[in-house]
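Here are some notes for a colleague who has not seen this structure before. Please read them with the model open.

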Amino acid sequence: MRKLALILIIVISFSSCNKNKKNTDNPISKNQIVMDSLTAELDSIQKNGQINGFAVAMVDQNGALYEKGFGLANIETKEKYTENTIQHIASVSKTLIGIALMKAKEMGKLNLDDPIQDYLPFKVINPNYPNETITIRQLATHTSGINDTDEQYMERAWILTKDQDLTKVSTDYPAQRLNPYELNIPMEKYLKGYLEINGAYYQDDNYIKFKPGERYNYSNIGATLCALVIEKATGQAFDSFTEEHILKPLSMNSSGWSLEDVDIKKHSRLYRNDNSLLPFYTAITYPDGMLISSSSDMAKYLVELIKGYSGEGTLLSKESYKELFTEQLSDNNFAEGERNADHPYDGDYNPAIFIGYSAFGFVGHSGGDAGVATWMYFDKEKKTGRYIVINCDMGNDERARELEYYAVWDKMNEYFDKLNVEKPAHNNVYN
């Protein structure tokens, strides 16, 4: 009788365990069905053939919800593009300058309203307003008056990486010149030549005819100069500083600022509009756009930004994140008609510190380069974010590739409500 009772208890317990296991598995199964459905839809979009390869990530404040790559990282070898494929992410890289800047401030190395001249070994003065001081904050909000010129920036900043076989690869690219490796020079030397009056790369339109702090003028040179200020203030190279204070703490182990810092076997090839192969390249002004990363690593970074916006970030203090996300400008800082109130993902509408708000309230940054397009934005109300990167030019005159890019982006947004997204249990946000 005792034996029978014991058997009954074991059977009931086993049955109960199975029941609990089923209940535990159900939400995972539902999410998997949803993710499989999203994968099928994105795969279908990719098979239209406009985008060679791309990867996406969807996150909330708790972590990654979905990561996936589609298409090809290399057309010739048929290597697939995955969530672990790496390539540089263009101007989304500038958001790391913002984090690094606030970290340097936390360390007592600088203040945002310090004159940049306090940190630089060469003079940076707008010749149109020689008595006006340029501050770090103005660099961070693109109001310094420093201007990117075609001749001295677009035709000089990008450099072909050394030791690559260029026999079957054209180095010609109309929008930005890809210069021979022999023309590479240190970032500081280039900035000195560009910004110092009578410098080697100086010309009158390297500065605009507005006082520092007066007019928004997006500047890659200004962003790179801010990275140099961080170097001088901290005594540490920018790539090393960001690796120590951003990449390593977030376990962004596939990311780095040069091909020497990453596993080149995981690197996608990049393509022009006509799908011809681009060579590997870097930039003298590397902080403005040359972070190499994967969508999986960028998901980790985007989760941290959402946490930081909510007052729960790990890279910076709550106060530093509040400053980072505080809108800095007003309508008076923009030329008439310059702000795009109809674009849901134009982060230039309301700039904060190297990150911005669109007119629709999405927070983030976009990027574009030879063979690269990226978007990284999060919804400040729902605390959900999206990231996309493609390995080809955004599009041609017919806009077919551009529209396919938007279709991928919008499709991700449709699926947030279908996934089990945990609602934020806090309202510590910075508006």
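1. Is Tyr 207 buried or exposed? The model is a predicted one, and in it Tyr 207 has a relative accessible area of 3%. Buried means under 20%, so Tyr 207 is buried.

2. Aromatic pairs. The count of aromatic pairs comes to 22. One of them joins Tyr 202 and Tyr 207: the ring centres are 6.4 Å apart and the planes meet at 45 degrees, so the pair is tilted.

3. A second pair. Tyr 345 and Trp 409 are edge-to-face, with 5.4 Å from centre to centre and 85 degrees between the planes. This pair links distant parts of the chain, as its two residues are 64 residues apart. Tyr 345 is in the loop between helix H9 (318–324) and strand E9 (350–351), while Trp 409 belongs to helix H10 (residues 400–415). What are the relative accessibilities of Tyr 345 and Trp 409? Tyr 345 has 9% and counts as buried; Trp 409 has 1% and counts as buried too.

4. The cluster around this pair. Tyr 345 and Trp 409 belong to a cluster linked by ring pairs.

5. Charges over rings. Which residue lies over the face of Phe 210? Arg 215 does, at 4.1 Å from the ring centre. In another place, the charged end of Arg 339 sits over the ring of Tyr 349, at 4.2 Å from the centre of that ring.

6. The chain as a whole. The protein chain has 10 helices and 13 strands. Its C-alpha trace spans about 100 × 50 × 40 Å along the principal axes. The radius of gyration is 24 Å, which agrees with the value near 22 Å that a compact globule of 431 residues would have.

7. Contacts along the sequence. Take the contacts in the protein chain between residues at least 6 apart in sequence: 70% of these join residues at least 24 apart. The pair of Tyr 345 and Trp 409, 64 residues apart, likewise links distant parts of the chain.

Definitions and conventions:
Residues numbered from 1 in each chain as written. Predicted model: local features only at pLDDT ≥ 70, side-chain atom pairs only at ≥ 80, totals over all residues. Heavy atoms only, no water. Phe/Tyr/Trp six-rings, centres within 6.5 Å; stacked < 30°, edge-to-face > 60°. Buried < 20%, exposed > 50% of the residue type's maximum accessible area, 1.4 Å probe, protein only. Helix = DSSP H or I, 4+ residues; strand = E, 2+ residues; numbered from the N terminus. Lys NZ or Arg CZ within 6 Å of the ring centre and 35° of its normal. Rg over C-alpha atoms; globule rule 2.2 N^0.38 Å. Contact = heavy atoms within 4.5 Å.
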